[in-house]
Amino acid sequence: MKSNRRGYWPVIVTALAAAMFVFLFLYLEQQWEIVLLAVGLIAVLFSSARFGLLRRVELAASDHPRTTIMVNVLAALLVIVLLRNEHFALLMLATVCLYVTICLGLTLQFGYAGIVNFAGIAFFGIGAYTAAVLSLHSALPHLLVIVISGLVAGLIGSLLILPMLRTRGHYAALVTIAFGILFRTFLEVNDLLGGPQGLKVPGMQVFGWSLNDNISLGPLGAVSFYASYAVVALLLAAGAYALIKRLERSWLGLNLDAVRTDETAAASFGIDLPRWKIFAFTAGNCLAGVAGGVYAMMSGFIAPASFNFGDSLLLVSIVLLGGSGNPLGVLPAALLVVVLPEKLQVIQEYRLLLFAVLVILILRFRPEGLLPRRMREYFAGWGR
Amino acid sequence: MDPGFIAQYLLNGIVLGVIYAMVAVGFTLFFGVLDVIKFSHGDVVMAGAFTALATYAGLELLGVSDGMFAAIVITVMGIAAMAILGALLAKLLILPLRNAPPLNTLLITLMFGLALREAVRLFYPNGSNPKPFPQLLPDAAMTIGNLELRLDSVLLIVLGLGAIVAVHLLIQRTRIGLAIRAVAQDPETARLMGINFERVVLMTFALGSALAALAGITNGLYYSEVNFGMGLLLGVIGFSAAVVGGLGSLYGAIIGGFLFAALQTIGAVWFSVPAYKDVFAFACIIVLMAWKPTGLLADKSAERV
Amino acid sequence: MSGPELVVDGLTVRFGGLTALDALQFRLSAGEFVGLIGPNGSGKTTFFNALTGIYAPASGQVALSGKDITGLPPQQIYDAGITRTFQRLRLASSLSVFDNLMIGNHRNLSHGIIANLFARQRLKNEIEENVAKSRLLLEQFSAPLASRLFDPVSQLTMIDRRRVEVCRALISEPKILLLDEPSAGMTHEETRALMDDLLASRERMPGLAIVLIEHEMGVIERVTDRCVVLNYGEKIAEGSYREVASNSDVRTAYLGED
């Protein structure tokens, strides 16, 4: 296989354009500006898909996977620097990154292995509550607490493994739906976890440095403490993205696809269905749990009301809207779904209704999503 | 424990069981003819109750004061409106997705349910708050020890059981029932036999949704209150009941409905904090799914290889 | 190689009260090409499903190279060296031809998490070896198909899909290949071409034994060494095509003659 690589300039141009877009989207406040940007984003995605521009960018990105992630992380850091003292914008940016992380976990579960998870927000919540309890009642270093949050989410998820493995389709969907509702009700009635009032969570400390302190960075002037959390959330999302992408470009990704597309055929060719389902389900829940841990420390306060069944539906909608099985699609989808309702007070009240209608339209007329998944490319220059 | 107290729990459990069974029968009917899960079903229950409520407001404006008459009118209106809604939903959202992955249907109906819920919350006057539901049934009651036997509860149980039996007879004894069973058995053959597939599907969805409306109104009359979010839990419970009973089985749905009500009742008696009853019931459902992955009564049809 | 490769002894499969396969005796030697025929519902596919672990047999024994494999799950049957195709194609049509072949090559690939995520150079070598191997195998069936290695299966014609399915079953170099009616949905010419390619590629895999379920008697006559006839789950005849075709029980089963 000759490596006939393309240049990476389309990646850089796109990353800069995306950074400008995200900055404006978060910074501008006029309602008409926001609407224009949102409509613009969808129009650009669709038209560049139609005229093959998107394909060129995707090819360039897949030829330079490492450069792509680096460039995009740098571009996102640039956005953070530009927004350095905008508390609300930074909080939203961090929230988008955390939602991206959960949705990458769901992509692993649903997009690849075909396991429906209607309890995404519950595993996020388990991570958040674990982090809250551990940072309130123990002296463990916070980075470790976040890792444990992910592990606990994976571990509690394993309670569902037996019913998940034995059931299929609609029966399997019921298992996670029942769990999501059970979890929410449990939080509400459990006094140890603060009941409906929830828990206060101390801010994150990394190597003796408190992320909740406002900092002053020389010529940049005052920087909101949310900037630190945005960086943490960004690194988490980027790490999860790199991991999922690597997984997809390996035999592991192929095994998961085989499990999703046809269980009988997969079993007839030696693929151990339980092993790969457990792997995808647990890894996905761990990602959601880690994101939950960061979320708890960032928001300083968690309550059952943040972990509704409706939020799980929102997560599934992001995955579908982006294009099931395409991690790249998760990015614009999460940005739209998380930020748009926060920025548009006009639709704030109507946001769930609008999402419901949006998802119905997508499922009805474009079930493959904004950025449909491409063929697997095992490494740079694949198939050329 | 005092026997009257236990009887009170039992009576309450039976009313709940009837409501759940009515919802579950809808799920099982839809699954039977089309192999789909219509997840907006719970919100149809809610919309049925709100349609009845709106009708009652209209009757009040007209000055109708007779309780029984009003009860009949609002029930008929709720049932008719939901039957039409159910058929429309099948026609516009579910049938077009017939060849898509089954999960897409589940999601599109979940989203339709969300839209319905939000529409009521936003557009029904003061819809985001719980609404009192009128007490239209005779309020006679009999007190035996600690048990307060209310006439309206008994009426609701009789009405609900009657509706379920009627649906059962409709499916077993009538021509349209025969067509529904034929489609459930094998859609292709049914089509070849000259059965209008689409019509049967639409009628089944109308029938199931009508039953949902009745469940919603029963729920409203029993608790004297409805709210826009009531469908979510009722839908999940109805779905659980249908799945635990075995999708596609009418008896399974009825058994599942009463089983869920029993679990909740046991949970409520068992735990000092009554709110744990749902945690308990759903945990039991998850365990049941691990034990009987295709429900209690479903005939396990082997996949063709 | 001495003695039969596959020994099936009294294999019985029941669905509720129905006996779909009744005490079947079956022998298969290395390198043999056996045709499995019988009317619809006679238990041919059931036999394949019981052999490959999809159905659990009610009684009976199956041994491969002297090792008991009765009732093992499909995964272990595959690892032991039996692969199959399906009557109704079971390819992952959204995935590429290469991906589908690699699903078939599962037992020769590394599946460790470390090996896949963190030893990328080694993995890349393994992938490149498999690309070459896939090309070679596909070229034995169709050179144009080999050049479409990275296209999704959904874009292929019926015959190419059949070829991919056969190659998916062959790429792991099994001892026994089970073909479940590969001619379904294809023209006579296409079936003929597929069978010729199969016979040619068998030359390169000495010892490969094939069992073919087929309704086209012309195909059976041309390619098989021996035939087994099933009816109502029982073996009613066995022998060369000529012997079987003149057997009166077989004629009764097929034509309803008395």
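This is a predicted model: local features need pLDDT of at least 70, side-chain atom pairs count only at pLDDT 80 or more; totals for chains, interfaces and linings use all residues.

Biologist: What radius of gyration has chain A, against that of a compact globule?

Modeller: The radius is taken over C-alpha atoms, and the globule rule is 2.2 Å times the number of residues to the power 0.38. The C-alpha atoms of chain A fill a box of roughly 55 × 55 × 40 Å along the principal axes. Because chain A has 384 residues, the rule gives a value near 21 Å, with which the computed radius agrees: 20 Å.

Biologist: What percentage of the residues in chain A is buried?

Modeller: A residue is buried if 20 or more other C-beta atoms lie within 10 Å of its own, exposed if 12 or fewer, and partly exposed in between, with C-beta atoms placed from the backbone. Applied to the 384 residues of chain A, this criterion gives 54%.

Biologist: Why is helix 6 of chain A described as largely enclosed by the rest of the structure?

Modeller: Helix 6 covers residues 120–137 of chain A and reaches 26 Å from its first C-alpha to its last, close to the 26 Å expected at 1.5 Å a residue; the expected span is 1.5 Å times one less than the number of residues. The description holds because the buried residues of this helix number 15 of the 18.

Biologist: Which helix of chain A gives the largest share of the side that touches chain B?

Modeller: Two residues are in contact if their C-beta atoms, placed from the backbone, lie within 7 Å. On that basis, 38 residues of chain A meet 39 residues of chain B. Two or more residues each come from helix 8 (161–166), helix 9 (169–189), helix 14 (309–322) and helix 17 (351–365) of chain A. The largest share, 15 residues, belongs to helix 9 of chain A.

Biologist: How do the residues of the side of chain A that touches chain C divide by class?

Modeller: This contact takes 26 residues from chain A and 30 residues from chain C. Helix 10 (225–248), helix 11 (251–261) and helix 12 (263–268) of chain A each supply at least two residues, and the largest share, seven residues, comes from helix 11 of chain A. Ala, Val, Leu, Ile, Met, Phe, Trp, Tyr, Cys and Pro count as nonpolar, Asp, Glu, Lys and Arg as charged, and the others, Gly among them, as polar. The division is 14 nonpolar, seven polar and five charged.

Biologist: Which residue of strand 8 of chain C stands opposite C:L178?

Modeller: Strand 7 (residues 176–180) and strand 8 (residues 209–213) of chain C pair in the parallel sense over five bridges. Opposite C:L178 stands C:V211.

Biologist: Is C:S65 buried, exposed or partly exposed?

Modeller: C:S65 lies in the loop between strand 4 (59–64) and strand 5 (67–68) of chain C, and has a positive phi of about 50° although it is not a glycine. Because 16 C-beta neighbours lie inside 10 Å, C:S65 counts as partly exposed.

Biologist: What is the phi of C:Y232?

Modeller: C:Y232 is found in the loop between strand 9 and strand 10 of chain C. With 16 other C-beta atoms within 10 Å, C:Y232 is partly exposed. In this residue other than glycine, phi is positive, near 45°.

Biologist: How far apart in space are B:L10 and B:A261?

Modeller: B:L10 lies in helix 1 (residues 3–34) of chain B. Although B:L10 and B:A261 are 251 residues apart in sequence, their C-alpha to C-alpha distance is 9.6 Å.

Methods:
Residues are numbered from 1 along each chain as its sequence is written. Chains are lettered from A and ligands numbered from 1 in the order in which they are written. Helices (H or I, at least four residues) and strands (E, at least two) are DSSP runs, numbered from the N terminus. Two strands pair if DSSP finds at least two bridges between them.
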